[in-house]
Amino acid sequence: MSETKPSARDRFLTLVRAALHEGALVKLTLGKYRGDDATLRNLFIRPVALKTGPHFAFVWRHATRDVTKNFPATDALDQIEPLLGRAFLDAHLFTNTQSAQLECQPDGAGRLKVSAKPATAEANRADLAERSPASGAHDRAKHRVIPAEAPWLRALGVTNDRGQPREGMADKFRQIQKFAELFSHLLAEADFPGDRPLRVADMGAGKGYLTFAIAALLGERGIVHGIVARAVLVALCSRIAREQGFAHLTFSAGQIASAPIENALDVLIALHACDTATDDALARGVSADARLLIVAPCCQKELRPQLAAPPVLADALRHGIFQERQAEFVTDALRAQLLEWCGYRTKVFEFVSTEHTAKNLMIAAIRARPRGRMDDAFAASVRAFAQFYGIRSHALARQLGFSLTPGEAKQD
């Protein structure tokens, strides 16, 4: 008696299972949706590296929005199996050694085609919307946290109908991708509870590029609010949020120092807030007991008039460019130390390459202990740092009630 030959669907599942378990998956695309959701178009699956280990990002593409969720390998297969040949009649698998296509009929009949062509090239040709014409081969092979074809990117004018950055928006597109990657890692490191939505405030959200990225990453897990200075941008971002189906994303007009925010926040973000507006945002985040603070400082002008160079540095600092960079360093170093004094663990790193923006420094702070103060020895070291540079006043220190003058330390 001859054995029954495995169906095309079963053979395709075997290839998917092997790709997931061996770490060979480049992309899996499911199409020709035949389910009950009239707005769903496709499902895209890619590997992503999270703090908790390798996962697979599932992006459900609807007519006006995308929904993204991450699953470990074992759960990923459980999600995929009931969809193949049922809810989705077409599937393309791309690995680093081959590609395969499954075509099914509503009656269950199917056909499998396997190719040994370079899978990355195949995947790129099959999804032109995920690459920029200005990108090199390395960029084309990247696994992006935010899909290039996300409808909200088009609505904000970042990409065109093919998912390619519009003229003049290539740097902004890269910035969005880099921020999304960093934000994902910081969320995992902060170890937020999973039993409720995260409350996020983006202070000085501007045109909302990164605010939308946050909302897209969090999905239903986040309640995101953007504070924008200009009312016209509030109206624009609010309209796009409604049209793109972001039910938990809102915008309002206001200034960083005074705009109403939740008394208790999980995440506070302020990117490129000018001069002491960054300090206003950090102080409000500390006051709201946010577990994660993310800022990208800009135009650090406050301390420059105060800088009194030590004798050994006086000759070098007669050059204006060195004075400017010194002021930036001292300002942000004090910010990082003051956040540690408030109970945060800080990181200072390059946000994006200087070829894309000169304002590329980012400070991330994760609450390491309940609110309270560091010991006197740490506070003394902060004051010694300020005294070395002749700094007597600093916006964040004032708002946190930290005296930079040794003789006034008891006021802290």
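So, helices and strands: this protein has 13 helices and 14 strands, where both are DSSP runs numbered from the N terminus, helices being H or I with at least four residues and strands being E with at least two. Before we go on, please keep in mind that this is a predicted model, in which local features need pLDDT of at least 70 and side-chain atom pairs count only at pLDDT 80 or more, while totals for chains, interfaces and linings use all residues. Residues are numbered from 1 along each chain as its sequence is written, and side-chain values use heavy atoms, leaving out hydrogens and water.

Let me start with the whole protein. Of its 412 residues, 50% are buried. Here, buried means under 20% relative accessible area, exposed means over 50%, and partly exposed is in between, using a 1.4 Å probe and protein chains only. The protein exposes about 19,700 Å², and carbon and sulfur atoms supply 51% of that; the areas come from the Shrake-Rupley method with a 1.4 Å probe, and for residues only the protein chains shown count as cover. Now take contacts, meaning heavy atoms within 4.5 Å. Among those between residues at least 6 apart in sequence, 63% join residues at least 24 apart.

Next, please find helix α2, residues 73-80. Which of its residues are buried? They are Ala76, Leu77 and Ile80. These three cover an arc of only 95° around the axis, which puts them on the same side of α2; the arc is taken from the directions from the helix axis to the C-beta atoms. On the face turned away from that buried side, α2 carries the exposed residues Thr74 and Asp78. And what covers the buried residues? The cover includes α1 (8-22), along with β1 (25-33), β2 (40-50), β3 (53-62) and β4 (66-71).

While we are at β1, have a look at Thr29, which is found in that strand. Thr29 is buried, with a relative accessible area of 13%. Leaving aside neighbours within four places in sequence, Thr29 is in contact with Leu43, Phe44, Asp90, Ala91 and His92.

Now for the sheet. Strands of a sheet pair through backbone hydrogen bonds, either parallel or antiparallel. In this model, seven strands form an open sheet with mixed pairing, in the order β10-β9-β8-β11-β12-β14-β13. Two strands count as paired if DSSP finds at least two bridges between them. Which strands stand at the edges? They are β10 (249-253) and β13 (344-350), and each has a single partner strand, so one side of each is left without a neighbour in the sheet. On average, neighbouring strands here are turned by 15° against each other, direction ignored. The axes behind such angles are lines fitted to C-alpha atoms, for helices over the stretch in contact, and angles run from 0 to 180 degrees between N-to-C directions.

Looking at one pair, β9 (residues 222-228) and β10 run parallel and are joined by five bridges. Val224 stands opposite Leu249 in β10. Helix α9 (residues 277-287) packs on the sheet, touching β8 (198-203), β11 (267-274), β12 (292-298), β13 and β14 (361-367), and its direction makes about 170° with that of β11. Helix α11 (residues 320-341) lies across β12, β13 and β14, and runs at about 155° to β13.

Inside β12 you will find Val295, a buried residue with a relative accessible area of 0%. Not counting residues up to four places away in sequence, Val295 touches Ala270, Leu271, Thr278, Leu282, Leu361, Met362 and Ile363. Its C-alpha atom is separated by 8.1 Å from that of Ala273, 22 residues apart along the chain.

Last topic: salt bridges. One is counted when a side-chain nitrogen of Lys or Arg is within 4 Å of a carboxyl oxygen of Asp or Glu, and the count comes to 14. In one of them, Asp10 meets Arg9 at 3.9 Å, N to O; Asp10 is partly exposed at 38% relative accessibility, whereas Arg9 is buried at 15%. In another, Asp171 and Arg174 meet at 3.0 Å. These two are three residues apart in helix α6 (residues 170-190), separated by about one helical turn. Asp315 also forms a salt bridge with Arg318, with the closest N and O atoms 3.0 Å apart, and both Asp315 and Arg318 are exposed.
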